[in-house]
Structures are given as C-alpha cells and as structure tokens.
Amino acid sequence: MSALHLVPGAPGPEEARPLLALARVSFGPVPLDFDRLAAELPAVQSGLALAGDADLELRLACTGPDELRAVSIALLRAGAAHVHVDLVLRSLVPGQPALRSVP
C-alpha cells in the first residue's frame, strides 16, 4: 500500500472552499427546491427554512468570488425573487464560562 500525496499546487480538502457566505433567499412565485439546489451547486453546504423577511438561508462554501457570484446568479435563475449574500468572517462557538473564585 502506498501513501497518499497531494498534487503540487492543488488545494487541500480544507482549502478547497475558503470563501464562506450566507445567502438569504426570498422565493418568487414558486418555492425553490432545496434538495435540487444542493445537488446542483457544490457550494451549498446546508440551509434553513425561515419565517420572516427571507424564506431560505443557505450556508455556502465557495472556491472564490467567481463561484459565489455564479451561485447568486443560479439562485435568481432558479426562481428566487431576491438574494442577499453576507460573507462570513469567522465562526463563533460558545465557550465554557470562566469560573471566578469567591473571595
């Protein structure tokens, strides 16, 4: 059995989709098919169905700005009435509260 080697210049698995974003989508006359979108757009990582200003929030992981732009265009072509994209700067995870000693 031989060891696996990365191809020089090829992105590693964790680097392949470094541009993270959230797309908030308002449906047009017909709701979008999330399963079809996820199958057709590799950038779609997960989604939430919403009640409020937007109908759907998609978590995206893109290879770069060009793919992010292409995803936005694909959502509009799929029937979205409005797509609002926010870039993710960093993920926030709750930590353990710091315990303080009582004097």
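Glutamate 57 counts as buried, because its relative accessibility is 16%, where buried means under 20% relative accessible area, exposed means over 50%, and partly exposed lies in between, using a 1.4 Å probe and protein chains only. Before going on, a word on the source: this is a predicted model, in which local features need pLDDT of at least 70 and side-chain atom pairs count only at pLDDT 80 or more, while totals for chains, interfaces and linings use all residues. Residues are numbered from 1 along each chain as its sequence is written, and side-chain values use heavy atoms, with hydrogens and water left out.

Back to glutamate 57. Which residue does glutamate 57 form a salt bridge with? The partner is arginine 24, and the closest N and O atoms are 2.9 Å apart. A salt bridge here is a side-chain nitrogen of Lys or Arg within 4 Å of a carboxyl oxygen of Asp or Glu. This pair links distant parts of the chain, with glutamate 57 in strand 3 and arginine 24 in strand 1, 33 residues apart. Helices (H or I, at least four residues) and strands (E, at least two) are DSSP runs, numbered from the N terminus. Arginine 24 also stands opposite glutamate 57 in strand 3. Arginine 24 has 31% relative accessibility, so arginine 24 counts as partly exposed.

Four strands form an open sheet in the order 2-3-1-4, and the pairing is antiparallel. The edge strands are strand 2 and strand 4 (80-87), each of which pairs on one side only. From one strand to the next, the twist averages 20°. Two strands pair if DSSP finds at least two bridges between them. Strand 1 (residues 19-27) pairs with strand 3 in the antiparallel sense over seven bridges. Helix 2 packs on this sheet and touches strand 1, strand 3 and strand 4; the direction of helix 2 makes about 160° with that of strand 4. For that angle, axes are lines fitted to C-alpha atoms, for helices over the stretch in contact, and angles run from 0 to 180 degrees between N-to-C directions. As background, in a regular strand the side chains alternate between the two faces of the sheet.

Strand 2 and strand 3 also pair in the antiparallel sense, over five bridges. Alanine 49 has leucine 56 in strand 3 as its bridge partner. The hairpin of these two strands has six residues between the strands, and glycine 52 there takes a positive phi near 145°.

Where is aspartate 55? Aspartate 55 is in the loop between strand 2 (44-49) and strand 3 (56-62). Its relative accessible area is 26%, so aspartate 55 is partly exposed. Not counting residues up to four places away in sequence, aspartate 55 touches Val25, Ser26, Phe27, Leu48, Ala49 and Leu50, contact meaning heavy atoms within 4.5 Å. Leucine 32 is 23 residues from aspartate 55 along the chain, and their C-alpha atoms are separated by 9.3 Å.

Next, helix 2, which covers residues 65-77 and includes serine 72. Is serine 72 buried or exposed? Serine 72 counts as buried, because its relative accessibility is 16%. Leaving aside neighbours within four places in sequence, serine 72 is in contact with Val83 and Val85.

How many salt bridges are there by this rule? The count comes to four. One of them joins glutamate 67 and arginine 17, the closest N and O atoms being 2.7 Å apart. That pair also links distant parts of the chain: glutamate 67 is in helix 2 and arginine 17 is in the segment before strand 1, 50 residues apart. Glutamate 67 counts as buried at 16% relative accessibility, whereas arginine 17 counts as partly exposed at 25%.

Arginine 36 forms another with glutamate 40, with 3.3 Å between the closest N and O atoms. Both lie in helix 1 (residues 34-40), four residues apart, about one turn of the helix. Arginine 36 is partly exposed, with a relative accessible area of 38%, and glutamate 40 counts as exposed at 52%.

Last, proline 18, in the segment before strand 1. Proline 18 counts as exposed, because its relative accessibility is 56%. Proline 18 touches Cys62 and Thr63, not counting residues up to four places away in sequence. Proline 18 and glycine 64 are 46 residues apart in sequence and 7.1 Å apart in space, C-alpha to C-alpha.
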